[in-house]
2 protein chains.
Amino acid sequence: MNLSKVLIYGMGLMGGSLALSLRKKFPNVAISAVVRSEKSKTIIRSKGLTNEVYLQSEFLSPNWSSYDLVVFSTPVESILKIIPSLPKSGDTIFIDLGSTKETIVSAVENFYGDKTHNYISTHPMCGSEQAGPEAAVADLYVDKLCILTKPKSASNASLEWVRLFWESIGSWTMEMDSKSHDETLANLSHLPHVISTILVNVAGSNATTMKEVMGISRPITGGGFRDMSRIAGSNPDMWISIFKENQSFLRKSIDDFIQQLTAFRDLFSSGLPIDEDKMRKIWELAEETKEQIRKSK
Amino acid sequence: MNLSKVLIYGMGLMGGSLALSLRKKFPNVAISAVVRSEKSKTIIRSKGLTNEVYLQSEFLSPNWSSYDLVVFSTPVESILKIIPSLPKSGDTIFIDLGSTKETIVSAVENFYGDKTHNYISTHPMCGSEQAGPEAAVADLYVDKLCILTKPKSASNASLEWVRLFWESIGSWTMEMDSKSHDETLANLSHLPHVISTILVNVAGSNATTMKEVMGISRPITGGGFRDMSRIAGSNPDMWISIFKENQSFLRKSIDDFIQQLTAFRDLFSSGLPIDEDKMRKIWELAEETKEQIRKSK
């Protein structure tokens, strides 16, 4: 795999970790980064993540074609703004790390039309409640799934190149079309973040709970709450951007959740005995489905 | 601490782990167990968890007073049935490991009236998605919170004895009255189990999601879904029993959850821009509350 010049456009946890992964696997690669803030620039320099680092304001007329690989790891909204400025020919491979696919893939398909190109949209599933380049680690992508979404006119060669690229970094890959990706991720990733956040706020809005919590220096919670709250309130910028891009599928997932939770709540009708059979069926269905989704016993 | 004869009535994960903890801390203690099934009896014998093990049907007229400590670790419903058969005098200390407190403490207070007694209700917060005596481990209680609830006429001496007992097993303790316990636990423990279970079932009811999930041999999920689904569908018997005992507080928690989730969903009104400020406030509130509850940064 020929890789001598890479540009990572946007360098938070994911872009920074990709830089570390690249250094490990391709020690001679020259990495450039583009970031929004002086603070990120300073951190990236002091951690030695890249060979060069520019502010967006210093990088207004990029020569995209001078890189073998360009990786967009900014929020989806700003990727959408950049796509129309990409070159329509050349050998540079373009990928993004966007958490939603439909708006990006539509933008790519609109921009390139029938023209063959090398833009493959990818989604490495390795978020963390940590953020920023200071949290970057070299093994973030190892053994993680990277979903590949091929826009209509992207070349098969670029798809195979990108697949090999992620596999060389240690990820495993699968292909998904953009609509299936966004609907599946609404349920398996976006909804869980919403639910975790609301769960914490429900506890926080209960006066008795917070009185007990604040009255003692150690956490009252067991492992259940700890796991269920880990991702609550993390990365508001990133998540607001994701929710905006995926709002119709996410709204559908939330509606399904409210409907199923209401049905569960209605099993406790004041004064009547609980319908234990129905409750048990809900529990058993979850046990079975959990194994199917997590592929674990 | 004088402890030579202990009865553990009900021996699943928690009772079995308590037996192992006792063996470690008090090597000379004689432990008896009472269980429902032949299967549990066989497992307890083969793991050597206790000195004696009886089926409930072999233990119909127990001599409670022959033990220094009696521990009830069955579902709350069956503890409620046993309480009226306890002796009203003697030195035996009675505790339970029930996950709800209001119904137990009411039953104890009704039974003993103004008579001083040695029944302290306790709740070690160390559940697991594992179940059964086969999953018992000696360090289950180490560094875990055990909540102590003192019924009105329980002696202060028995409260202090029970506190010392749990601390000698390695737990840390705090006191809570029964209503505060049940309301707090509805939010910090019972609601999370419901939410986790519904989340898995929402994903399972989405055809696109399950088509992608079933089309590949490895899990599509990232760490978010993995954490959020860990407790889904676990121990239906135990949870149905807990929900029955705590239904009014749990229903209130579920209603609060539905109300806050609906308010979040309503931030995506079709066709209008998302109210990003409101969404960010929800996220920031969760981030702050999470730290207060988890006592972590």
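Which residues have the most contacts inside the largest nonpolar core? They are A:Phe243, A:Phe257, A:Phe264, B:Phe243, B:Phe257 and B:Phe264, in a core of 84 residues. Such a core is a set of buried Ala, Val, Leu, Ile, Met, Phe, Trp, Tyr and Cys residues joined through side-chain atoms within 4.5 Å.

A word on conventions: this is a predicted model, where local features need pLDDT of at least 70 and side-chain atom pairs count only at pLDDT 80 or more, while totals for chains, interfaces and linings use all residues. Residues are numbered from 1 along each chain, chains are lettered from A in the order written, and side-chain values use heavy atoms, without hydrogens and water.

Now look at A:Leu191, which sits in helix α6 of chain A, residues 178-204 (helices are DSSP runs of H or I, at least four residues, numbered from the N terminus). A:Leu191 counts as buried because its relative accessibility is 0%, the cut-off being under 20% with a 1.4 Å probe and protein chains only. Among the residues that A:Leu191 touches are A:Phe257, B:Leu199 and B:Val202; contact means heavy atoms within 4.5 Å.

Residues of α6(A) including A:Val194 and A:Ile198 meet residues of α10(B), among them B:Phe257 and B:Phe264.

Key
Helix = DSSP H or I, 4+ residues; strand = E, 2+ residues; numbered from the N terminus. Buried < 20%, exposed > 50% of the residue type's maximum accessible area, 1.4 Å probe, protein only. Lists of a residue's contacts leave out its neighbours within four places in sequence.
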